[in-house]
Amino acid sequence: MSRENVMTPAGTAAAEPICLVAPDGTRRHHEPFDAAVADVSDDAVADLYADMVAARRIDTEATALQRQGELALWPPLLGQEAAQVGSARALRQDDFVFTSYRENAVAYCRGVKLEEMLTVWRGNASSGWDPFSVNMATPQIIIGAQTLHATGYAMGIKFDGGDQAAVAYFGDGAVTQGDVNEALAFAASYQAPAVFFCQNNQWAISEPVGLQSRVPIAQRAEGFGMEHVRIDGNDVLASLAATRIALDRARAGDGPTFIEAVTYRMGPHTTADDPTRYRSKDEVEEWSGKDPLKRIEAYLQTRGMAVDGFREAAEHRADEVAEALRAGVTGMADPEWEQVFENVYAEDHAWLRRQREQYGRYLELVEGEGQ
Amino acid sequence: MSTQQSEATGLRTLTFGQSINRGLRAALAEDDKVLVMGEDVGTLGGVFRITDGLQKEFGAQRVLDSPLAESGIVGTAVGLAYRGFRPVVEIQFDGFVYPAFDQIVSQVAKLRYRTRGHVAMPLTIRIPFGGGIGSPEHHSESPEAYFAHTAGLRVVSPSNPQDAYTMIRQSIACDDPVIFFEPKRRYHEKAEVDLEAEADLPLGAARVVVPGDQVTLIAYGPLVKTAIDAATAAADEGVSVEVIDVRSLSPVDFGPLEASVRKTGRVVITHEAGQFAGLGAELAASLTERCFYHLEQPPVRVTGFDIPYPPSKLEQHHLPDLDRILDGVDSVLERTSSLNGAAAGPSAARQGGDA
């Protein structure tokens with residue numbers, strides 16, 4: 001099979017992704033989407049822009065920290081700021097979010113503390129924060145597993161009569177996993193108030209999206225009888241609008257929605273990856289022309305806003321974020337040894353207690369000898 | 001005993017299966033966060049009828065028929081637990097649990113640890129397990145060692161109707177995830193069950209079910225009854241066998257096991273699962289570590305073979321039965337046994353050797 005063949009979805013032509021702000025900053029129109037963001041002022045768009053700038057700075061700073069040996073690994077989201085910020089800003093704080101490991105902008109928008117975002121990558125803990133403090137589960141490494149958790153949570157909302165929604169974030173690679181397909185089946189069957197937000201960033205490490213799906217990914221939802229939409233994932237307004245519509249539908253009891261945000265991972269899969277081995281410079285260049293930040297600058301300029309002013313404000317805020325991030329990481333204390341044995345079980349477990357006691361005695365012995 | 005007395009004391013003659021049903025019903029009635037989920041558990045009442053009548057009594061939102069997808073069943077239960085529910089999921093047969101294995105070992109087992117105690121996973125995963133009912137492949141397996149090996153899970157198996165009733169309630173009440181292995185070939189066995197009684201043992205405790213002083217015979221789940229029968233047969237030959245029902249496979253309650261081995265100096269462990277890296281290996285190694293100087297003979301395991309579960313016309317060769325267990329007992333008593341060759345004794349065993 002030729003590379004082209006793998007890269008080009010067969011069958012029906014891909015639906016043109018819905019876009020409200022074109023790469024050159026031109027405002028485009030789409031009726032239901034326009035209505036969904038009719039209340040979003042230019043200042044509010046500038047706020048979304050500021051979130052995206054902060055997200056990009058978190059990436060830059062964390063990547064630098066990884067290169068300096070302060071973090072073991074980092075999964076950058078460079079290029080996906082619009083998909084994440086637009087969707088996350090559509091959520092209410094009492095909605096519950098389940099993500100993979102690349103949704104750092106979502107975590108930022110949910111209010112996760114910066115150092116908590118990095119605990120796992122520093123190796124201090126398996127995950128960083130109390131999920132109930134921000135209504136966001138800690139990142140999931142197992143591909144697609146979280147879509148079932150979101151579905152179950154959404155079923156729970158329905159069972160106890162809540163008006164919240166549960167949102168699952170995952171990538172194009174995940175749609176091949178059984179769990180994602182099972183999640184779609186369960187969510188559709190129970191008409192759970194769930195939103196499936198797929199960031200199709202074109203690459204699952206080195207594997208192109210054509211290896212995961214022969215049809216546009218959003219089309220997969222059709223087979224499950226699920227509402228679906230394909231959006232320009234580099235357009236923060238389209239992302240906000242699509243998620244708002246899906247959330248309204250969930251809250252109204254009209255069941256789940258599948259959103260495919262067509263975007264691009266500009267950087268490597270993680271800091272351990274070398275994307276030059278599997279993708280062309282031309283491709284990367286083409287996508288950099290669709291940059292989510294630049295288009296909002298261009299758009300706000302057409303709206304008569306002073307670009308330098310809001311860019312400066314956003315960058316100032318991003319500087320503060322980066323500083324706090326660095327201070328949080330470098331100031332992080334190493335965990336105590338007891339933590340190895342903690343929170344495995346809620347109740348005492350005789351076998352583990354024995355191992356902990358034996359190891360404690362061993363440490364005492366070794367430390368005793370050292371003195 | 002009169003019916004009236006039975007009502008007053010909560011005593012009922014129930015099958016093993018009915019006892020689990022009563023336990024589930026009590027848990028559903030006591031806590032509206034308890035949910036029962038699985039394939040066919042609603043209108044049908046489960047393929048073994050363990051959930052019979054529960055959907056009728058508690059509604060389709062408390063007792064849910066789920067789509068046919070095991071990872072989906074367990075994975076959505078994880079999300080429900082995030083939302084504050086206490087799901088009790090049924091995996092229809094032992095051999096069907098593998099599609100859910102990732103959700104169980106990577107999610108259910110680890111979520112408390114990876115969130116440093118913030119997320120509780122009070123799930124009960126019921127799995128009818130073991131052979132002896134003449135089923136086709138994938139319907140008679142004993143996958144307990146996979147789960148006992150996984151930190152974060154508790155693994156239990158009741159062996160009689162009273163324990164079935166008590167232990168399912170304790171499992172649902174437990175804030176840790178519990179893999180609840182139901183010995184399906186015992187589903188129809190009856191006993192008097194006290195529905196009002198306070199549990200006489202914690203969920204994790206082992207129990208001496210037949211006292212004895214010459215050989216310690218350790219079993220769990222479906223083979224406890226076989227072990228008791230073997231002890232009775234041994235007693236007829238003048239050999240005193242102490243039978244211990246492990247009940248909890250993780251953690252194992254080593255106290256009663258150690259006490260027994262210190263008394264008898266001889267130990268036989270039996271289970272249906274294959275021998276290699278099975279629970280018997282752990283029990284033998286741990287008891288050897290703890291009681292080495294009290295042992296008169298190496299521990300002996302009488303187990304299923306290390307083969308895929310055989311077709312039903314062959315399963316009687318695979319499953320340990322009374323005679324194979326007695327053969328194991330003979331071996332640790334240094335009597336003639338297939339396990340130590342025709343000539344009895346430790347020296348003969350050494351000469352016989354293992355390939």
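Biologist: What volume does the largest cavity have?

Modeller: Rolling a probe the size of a water molecule over the atoms shows where empty space is left. On a 1 Å grid over the protein atoms alone, a cavity is a set of points where a 1.4 Å probe fits but cannot get out, whereas a pocket is an open set with protein on both sides within 12 Å along at least five of seven lines, and lining residues have an atom within 4 Å of a point. Grid points are joined across faces, edges and corners, and a volume is the space filled by probe spheres set on the points. Here the largest cavity has a volume of about 40 Å³. This is a predicted model, in which local features need pLDDT of at least 70 and side-chain atom pairs count only at pLDDT 80 or more, while totals for chains, interfaces and linings use all residues. Residues are numbered from 1 along each chain as its sequence is written, chains are lettered from A and ligands numbered from 1 in the order in which they are written, and side-chain values use heavy atoms, with hydrogens and water left out.

Biologist: Which residues line the largest cavity?

Modeller: Its lining consists of A:Phe98, A:Thr99, A:Ala137, A:Thr138, A:Gln140, A:Gln146, A:His149, B:Tyr82, B:Leu111 and B:Arg114. The elements giving two or more residues to this lining are helix H8 (145–159) of chain A and helix H6 (111–114) of chain B, where helices (H or I, at least four residues) and strands (E, at least two) are DSSP runs numbered from the N terminus. By class the lining of the largest cavity has four nonpolar, five polar and one charged residue; Ala, Val, Leu, Ile, Met, Phe, Trp, Tyr, Cys and Pro count as nonpolar, Asp, Glu, Lys and Arg as charged, and the others, Gly among them, as polar.

Biologist: How many residues line the largest pocket, and which lie nearest its centre?

Modeller: The largest pocket, with a volume of about 1000 Å³, is lined by 38 residues, and B:Ala145, B:Tyr146, B:Ala277, B:Gly278 and B:Leu279 lie nearest its centre. Its lining divides into 22 nonpolar, eleven polar and five charged residues.

Biologist: At what angle do helix H4 and helix H11 of chain A cross?

Modeller: Two packed helices are described by the angle between their axes and the distance between the axes. Axes are lines fitted to C-alpha atoms, for helices over the stretch in contact, and angles run from 0 to 180 degrees between N-to-C directions. Helix H4 (residues 81–88) and helix H11 (residues 236–251) of chain A cross at roughly 40 degrees, and their axes come within 7 Å. H4(A) is therefore oblique to H11(A), since angles under 35 degrees count as roughly parallel, over 145 as roughly antiparallel, 65 to 115 as roughly perpendicular and the rest as oblique. Their contact (heavy atoms within 4.5 Å) involves A:Ala82, A:Ala83, A:Val85, A:Gly86 and A:Ser87 of H4(A), with A:Val236, A:Ser239, A:Leu240 and A:Thr243 of H11(A).

Biologist: How far apart are the axes of helix H4 and helix H5 of chain B?

Modeller: The axes of helix H4 (residues 70–82) and helix H5 (residues 101–108) of chain B are 8 Å apart, at an angle of about 25 degrees, and H4(B) and H5(B) are therefore roughly parallel to each other.

Biologist: Is the peptide bond from B:Ser250 to B:Pro251 cis or trans?

Modeller: That bond is cis, with omega near -5 degrees, and B:Pro251 is found in the loop between S12 and helix H10 (254–264) of chain B.
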